[in-house]
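Please look at the pockets of the model shown here, and at the parts of the chain that line them.

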Amino acid sequence: MNRRSYMMMFILVLCWGLGPYFKKISSKNLTKDEYLMLNHVIVSVILTFYGIYLYKNNKCDYKKIISLDSKQNLMCVISAIISIIGGFVLVNLVKENDTSMVMSHIEPLVILFTTAIGVLFLHEKINKQQLIGIGMITAGVYFIKKYENK
């Protein structure tokens, strides 16, 4: 990976690390459903402006989007549904639990699950060092859970 990839990963870690705390704080006086709706309205407004920007600057070929085949359209719909469910479940979790404990359980499991999907279904390669790392992640989740209330 190049320097740009590492910078983008750093930004992503910041976003995923800070996001749950902002969700918890901003949803304090709202029900989970109210927060979910408010969040998605705000995201929709931002994406609308971004779409206008892309259109005006010829940075997106909307003909490609319109010409997606039925499988690609289905995958886009499934991806959107997964995003909505994930957002809803995350808001539920951070409203009801300590955010740091929720995230320390979720993130390692996401790594394990994503790796398994990549290897099993997308035929991505994994080496011995990565397997050792996955084992360490699994052990970490075990110890976090085992000593959670002590």
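Helix 4 (70-96) gives the largest share of the lining of the largest pocket, namely nine residues. This is a predicted model, in which local features need pLDDT of at least 70 and side-chain atom pairs count only at pLDDT 80 or more, while totals for chains, interfaces and linings use all residues. Residues are numbered from 1 along each chain as its sequence is written, and side-chain values use heavy atoms, with hydrogens and water left out.

A pocket is found on a 1 Å grid over the protein atoms alone, as an open set of points where a 1.4 Å probe fits, with protein on both sides within 12 Å along at least five of seven lines, and its lining residues have an atom within 4 Å of a point. Points are joined across faces, edges and corners, and the volume is the space filled by probe spheres set on them. Helices are DSSP runs (H or I, at least four residues), numbered from the N terminus.

| Pocket | Volume |
|---|---|
| Largest pocket | about 800 Å³ |
| Second largest pocket | about 200 Å³ |

Of the 21 residues lining the largest pocket, Trp16, Ser83, Gly86, Gly87 and Leu90 are the closest to its centre. Helix 1 (3-26), helix 2 (32-56) and helix 5 (99-121) are among the elements that each supply at least two residues of this lining.

The lining of the second largest pocket includes Ile111, Thr114, Glu124 and Ile134. Two or more of its lining residues come from each of helix 5 and helix 6 (128-146), and helix 5 gives the most, with five residues.
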